[in-house]
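Biologist: I would like to learn how to read a model of this kind. Please take me through the features one at a time.

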Amino acid sequence: MPRIAIDYFEAWRERVFVCECGWSGPGSRLTACAGVALFTLECPRCRDTLAGSAYPTIEEARVAADRGHPEAQRWLGRERDR
Ligand SMILES: [Zn+2]
């Protein structure tokens with residue numbers, strides 16, 4: 001299981017993560033893996049899962065999009081295209 005639960009729409013890309021292998025860096029440098037039920041972020045050096053999140057619900061995406069979150073807005077746009 002991921003060590004840190006993150007919100008999918010949280011600013012995790014700017015957040016600094018530290019791995020037991022000694023790697024540390026911003027979330028944007030982690031390897032993002034889209035699983036079936038979970039979205040996880042892995043250490044680029046040792047592939048340990050550092051953080052993860054459940055996929056947001058449409059409701060959560062709407063709240064984030066209303067706050068002006070560009071990714072949430074894109075995400076909702078994708079949902080609409082289905
Ligand atoms: Zn590591």
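Biologist: What should I know before I start?

Modeller: This is a predicted model, in which local features need pLDDT of at least 70, side-chain atom pairs count only at pLDDT 80 or more, and totals for chains, interfaces and linings use all residues. Residues are numbered from 1 along each chain as its sequence is written.

Biologist: What does the chain average in pLDDT?

Modeller: pLDDT is the predictor's confidence in each residue, from 0 to 100. The chain averages 89, and 93% of the residues score at least 70.

Biologist: How many helices and strands does the chain have?

Modeller: Both are DSSP runs numbered from the N terminus: helices are H or I with at least four residues, strands are E with at least two. Here there are two helices and six strands, and from the N terminus on they run β-β-β-β-β-β-α-α.

Biologist: In what order do the strands form the open sheet?

Modeller: Two strands pair if DSSP finds at least two bridges between them. In this chain four strands form an open sheet in the order S1-S6-S5-S4, with mixed pairing. Strand S1 (4-5) and S4 are at the edges with a single partner strand each, so one side of each has no neighbour in the sheet.

Biologist: Which pairs run antiparallel, and which is parallel?

Modeller: S4 (residues 31-34) and S5 (residues 38-42) pair in the antiparallel sense over four bridges. Ala 32 has Leu 41 as its bridge partner, and Ala 34 has Phe 39. A hairpin of three residues joins S4 to S5. S5 is also antiparallel to S6 (residues 49-54), through five bridges, with Glu 42 opposite Thr 49. S1 and S6 pair in the parallel sense over two bridges, and Ala 5 stands opposite Gly 52.

Biologist: Which residues make up the largest nonpolar core?

Modeller: In soluble globular proteins, nonpolar side chains tend to be buried together. A residue is buried if 20 or more other C-beta atoms lie within 10 Å of its own, exposed if 12 or fewer, and partly exposed in between, with C-beta atoms placed from the backbone. A nonpolar core is a set of buried Ala, Val, Leu, Ile, Met, Phe, Trp, Tyr and Cys residues joined through C-beta atoms within 7 Å. The largest one here has six residues: Ile 6, Leu 30, Leu 41, Cys 43, Leu 50 and Ala 51. Of the 82 residues of the chain, 13% count as buried.

Biologist: What is Leu 41 in contact with, leaving aside its neighbours within four places in sequence?

Modeller: Two residues are in contact if their C-beta atoms, placed from the backbone, lie within 7 Å. For Leu 41 the contacts are Gly 27, Leu 30, Thr 31, Ala 32, Leu 50, Ala 51 and Gly 52.

Biologist: Where is Trp 75, and why does it count as buried?

Modeller: Trp 75 is in helix H2 (residues 70-81). Trp 75 counts as buried because 21 other C-beta atoms lie within 10 Å.
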